[in-house]
Amino acid sequence: MIDLQERQNLLLAELQHRVRNLLAMVRSIIRQSADGYDEVEDYVAHLTGRIDAMARTQVMLTRKAGAAVDLESLIRDELARVAEEDRLVIEGPAVELSAKAAEVLTLAIHELATNSIKYGALGCEGRLAIRWFVTRRENGEWLEVMWKENCPSELAEASRRGFGTELIEGRVPYELKGEGTMQVRPDGLLAEIAFPLDAGASILEPGPG
């Protein structure tokens with residue numbers, strides 16, 4: 001049984017850890033967002049969007065004790081702002097994400113959606129399917145997420161590479177020990193993200209008694 005003082009110390013340690021992680025992520029986003037914009041307004045808009053996506057994840061993480069986020073809710077929350085329901089297919093089993101996985105995946109979904117509005121299915125009356133699966137590998141269960149766009153017109157590959165590519169192909173392997181790929185095909189973008197599922201119970205989770 002954890003007494004009141006010990007629980008307060010645990011809460012403080014969790015808060016300090018969360019703040020350090022958030023500040024590190026914000027610094028990384030600012031640094032990686034610095035290139036590729038000719039206008040200050042464009043840079044500010046993209047930077048604000050990325051930080052807002054992070055903020056939405058934190059709201060989901062603090063709705064209840066325990067650092068876990070429902071994957072389907074995360075995806076629908078991001079896409080509800082930018083896409084009509086009848087143009088989307090969102091399906092997969094119930095999955096709860098650790099705080100770190102939720103933060104990285106939220107940014108990935110946000111970036112994919114932003115780019116899709118500008119270059120892909122969400123900007124050209126196309127369709128978007130997001131499906132995910134839980135598979136078993138030698139080191140345990142993995143989550144595999146597939147983002148597949150179907151566009152009526154051919155896309156240019158060069159226009160779809162940037163912050164999102166670095167996030168999915170670089171950040172996912174580094175932060176989540178997983179895999180990430182982005183391919184621009186004639187009929188639209190295909191992005192695949194896979195990483196080990198780690199329950200990662202938070203010290204905020206109340207114990208018995």
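I looked up W147 first. I listed its contacts (heavy atoms within 4.5 Å), leaving out residues up to four places away in sequence. W147 touches L79, I109, L112, A113, S116, L128, A129, I130, L189, L190 and A191. I note that this is a predicted model, where local features need pLDDT of at least 70, side-chain atom pairs count only at pLDDT 80 or more, and totals for chains, interfaces and linings use all residues. Residues are numbered from 1 along each chain as its sequence is written, and side-chain values use heavy atoms, with hydrogens and water left out.

I took helices (H or I, at least four residues) and strands (E, at least two) as DSSP runs, numbered from the N terminus.

**T106**

I found T106 in helix α4. Is T106 buried or exposed? T106 is buried, because its relative accessibility is 2%. I used these limits: buried is under 20% relative accessible area, exposed is over 50%, and partly exposed is in between (1.4 Å probe, protein chains only). The T106 side chain reaches the backbone oxygen of A102 at 2.7 Å.

**Salt bridges**

I searched the whole structure and got 11 salt bridges. Each is a side-chain nitrogen of Lys or Arg within 4 Å of a carboxyl oxygen of Asp or Glu.

I followed E175 to two partners. With K100, the closest N and O atoms are 3.8 Å apart. E175 lies in helix α5 and K100 in helix α4, so this pair ties together parts 75 residues apart in sequence. With R171, the N to O distance is 3.0 Å. E175 and R171 both lie in α5, 4 residues apart, about one turn of the helix. R171 is buried at 10%, while E175 is partly exposed at 22%. K100 is partly exposed too, at 42%.

I also noted D77 with R81, at 3.5 Å between the closest N and O atoms. Salt bridges link E72, R76 and E85 in a network.

**Charges over rings**

Last, I looked for a charge over a ring (NZ of Lys or CZ of Arg within 6 Å of the ring centre and within 35 degrees of the ring normal). The charged end of R137 sits over the W142 ring, 3.8 Å from its centre. The charged end of K177 sits over the Y174 ring, 6.0 Å from its centre.

Key:
A polar contact is a pair of N or O atoms within 3.5 Å; within protein, one must be able to donate a hydrogen and the other to accept it, and residues adjacent in sequence count only if both atoms are side-chain atoms.
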